[in-house]
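Reader: I have a structure to go through. Can you take my questions one by one?

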Amino acid sequence: MNAPDRYERFVVPEGTKKVSFEKDTKIMNAASFTIEREDHTIGNILRMQLHRDPNVLFAGYKLPHPLQYKIIVRIHTASQSSPTQAYNQAINDLDSELENLKQAFEDEKNRFEERKQPY
């Protein structure tokens, strides 16, 4: 079979950056971020988080090819912000949201286990 090994979908090769940045030369405050070893799951979540930022004029992503395990996120911001600032803010906000979700899940799990204990 010609398909790559499964681990290639997740393991970033040595010497390859997880995230690379390329500034757009034609549009002010626009840039592309290439994120290695990610797919639609992260692309869509990141795109939606970027759309919550009022300084982001455009945010989208694409998966160049099904056998290339990377996504390209494109961000265009208003003059008050830069694409790098918007990207970093979106990542930090998602990290906080996921941490809150994890904590709420663990709290509910603990409450469930306490109710389940025989007296």
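Reader: Let's start with D24. Is D24 buried or exposed, by relative accessibility?

Author: This is a predicted model. Buried means under 20% relative accessible area. D24 has 17% relative accessibility, so D24 counts as buried.

Reader: Which side chain meets D24 in a salt bridge?

Author: The two side chains come to 2.3 Å, N to O. D24 lies in the loop between β1 and β2 and its partner in strand β4, so the pair ties together parts that are 50 residues apart in sequence.

Reader: Which residues does I27 touch, not counting residues up to four places away in sequence?

Author: I27 is found in the loop between β1 and β2. It is partly exposed, with a relative accessible area of 37%. The C-alpha atoms of I27 and H76 are separated by 8.2 Å, though these residues are 49 residues apart along the chain. With the sequence neighbours up to four places away left out, I27 touches R74 and H76.

Reader: What is the phi of N29?

Author: Most residues other than glycine have a negative phi. N29 is not a glycine, yet its phi is positive. It sits in the hairpin of β1 and β2, which has six residues between the strands. The phi of N29 is about 55°.

Reader: Is N29 buried or exposed, or something in between?

Author: N29 lies in the loop between β1 and β2. Buried would need under 20% relative accessible area, and exposed over 50%. N29 has 24% relative accessibility, so it counts as partly exposed.

Reader: Where is R37, and is R37 buried or exposed?

Author: R37 is found in the loop between β2 and α1. Its phi is near 60°, a positive value in a residue other than glycine. At 15% relative accessibility, R37 counts as buried.

Reader: How many bridges pair β1 and β2?

Author: The two strands pair in the antiparallel sense. E22 stands opposite S32 in β2. V19 stands opposite I35 in β2. The number of bridges between β1 and β2 is five.

Reader: How many bridges pair β2 and β4?

Author: β2 and β4 also pair, in the antiparallel sense. Here E36 stands opposite K70 in β4. The number of bridges between β2 and β4 is seven.

Reader: How many residues of β2 are buried?

Author: In a regular strand the side chains alternate between the two faces of the sheet. In β2, A30, S32, T34 and E36 point one way. A31, F33 and I35 point the other way, and both groups are buried. β2 is mostly covered, and its buried residues number seven of seven.

Reader: Which residue meets K18 in a salt bridge?

Author: The structure holds six salt bridges. In this one the side chains meet at 2.8 Å, N to O. K18 lies in the segment before β1 and its partner in the loop between β2 and α1, so the pair ties together parts that are 20 residues apart in sequence. K18 is partly exposed at 35%, and its partner is E38.

Reader: Which residues are joined with E108 into one network of salt bridges?

Author: The side chains of E108 and R115 meet in a salt bridge of 3.6 Å, N to O. E108 counts as partly exposed, at 38% relative accessibility. R115 is exposed, with a relative accessible area of 57%. Salt bridges that share partners join E108 into one network with R111 and R115.

Reader: How far apart are the end C-alpha atoms of helix α2?

Author: Helix α2 covers residues 83-116, which is 34 residues. At 1.5 Å a residue, it should span 50 Å. The model agrees with that value, because the end C-alpha atoms are apart by 49 Å.

Reader: What do the buried residues of α2 pack against?

Author: In α2, P83, A86, Y87, A90 and L94 are buried. An α-helix has 3.6 residues a turn, so residues three or four places apart point the same way. The buried residues of α2 pack against β1, β2, α1, β3 and β4.

Reader: Which residues make the nonpolar surface patch?

Author: The patch has an area of about 360 Å². One of its members lies in the segment before β1, and that is Y7. The patch is made by Y7, F10 and V11.

Technical notes: Residues numbered from 1 in each chain as written. Predicted model: local features only at pLDDT ≥ 70, side-chain atom pairs only at ≥ 80, totals over all residues. Heavy atoms only, no water. Helix = DSSP H or I, 4+ residues; strand = E, 2+ residues; numbered from the N terminus. Expected span 1.5 Å × (residues − 1). Buried < 20%, exposed > 50% of the residue type's maximum accessible area, 1.4 Å probe, protein only. Contact = heavy atoms within 4.5 Å. Patch = residues over 30% accessible without salt bridge, like charges linked within 9 Å, V, L, I, M, F, W, Y side chains within 5 Å. Areas by Shrake-Rupley, 256 points an atom, 1.4 Å probe, with all protein chains shown as cover. Salt bridge = Lys/Arg side-chain N within 4 Å of Asp/Glu carboxyl O. Pairing = 2+ DSSP bridges.
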